[in-house]
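Here are a few friendly notes to read beside the model. They cover the hairpins and then the aromatic rings.

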Amino acid sequence: MSRSVRVELNWPAENTVVVGERHYFAYDRGGAVHVIASRCAHRGGPLHLGEVEDGRLRCPWHGNSVRLDRLCARAAAVFQRGSRIIAYLPAGPAEAGSPATDPAPVVTNAIVLAR
């Protein structure tokens, strides 16, 4: 059974959440907000520091880019109620303990996706 951690963001003032050691970030595409892991599948680069160019997000570590619509396919389940975003993020092996040992998500706006 796969577990998830519920997080809430006050969009767009808050756009990043850390669960355990994993970073996730929110971005807008076509009026819909998506929350994805901030880890490049190629070399593990921090995608939240990448640049969006012509509908593509460029990894800051190795320069490869991926289409935003492909990232949306990997996005976590998200519900939006006005400026409130509720996302259900996967609990990894370190976070899969009992509810009492799950790390508290830390929501922040300190990390901003480059423009």
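Which residue in β4 is the bridge partner of aspartate 28?

1. It is valine 33 that partners aspartate 28. Please keep in mind that this is a predicted model, where local features need pLDDT of at least 70 and side-chain atom pairs count only at pLDDT 80 or more, while totals for chains, interfaces and linings use all residues. Residues are numbered from 1 along each chain as its sequence is written, and side-chain values use heavy atoms, leaving out hydrogens and water.

2. Strand β3 (residues 22–29) runs antiparallel to β2 (residues 16–19), with four bridges joining them. Strands are DSSP runs of E, at least two residues, numbered from the N terminus, and two strands pair if DSSP finds at least two bridges between them. Valine 19 has arginine 22 of β3 as its bridge partner. Two residues lie between the strands of this hairpin, and glycine 20 takes a positive phi near 65 degrees.

3. β3 also pairs with β4 (residues 32–37), antiparallel and over six bridges. Here too the hairpin has two residues between its strands, and glycine 30 in the turn shows a positive phi of about 65 degrees.

4. There are two aromatic pairs in the structure. The rings of phenylalanine 25 and tyrosine 27 have centres 6.0 Å apart and planes at 40 degrees, so this pair is tilted. Rings of Phe, Tyr and Trp (its six-membered ring) pair if their centres lie within 6.5 Å; planes under 30 degrees apart count as stacked, over 60 as edge-to-face and the rest as tilted.

5. Phenylalanine 79 and tyrosine 88 have ring centres 6.1 Å apart and planes at 80 degrees, so they are edge-to-face.
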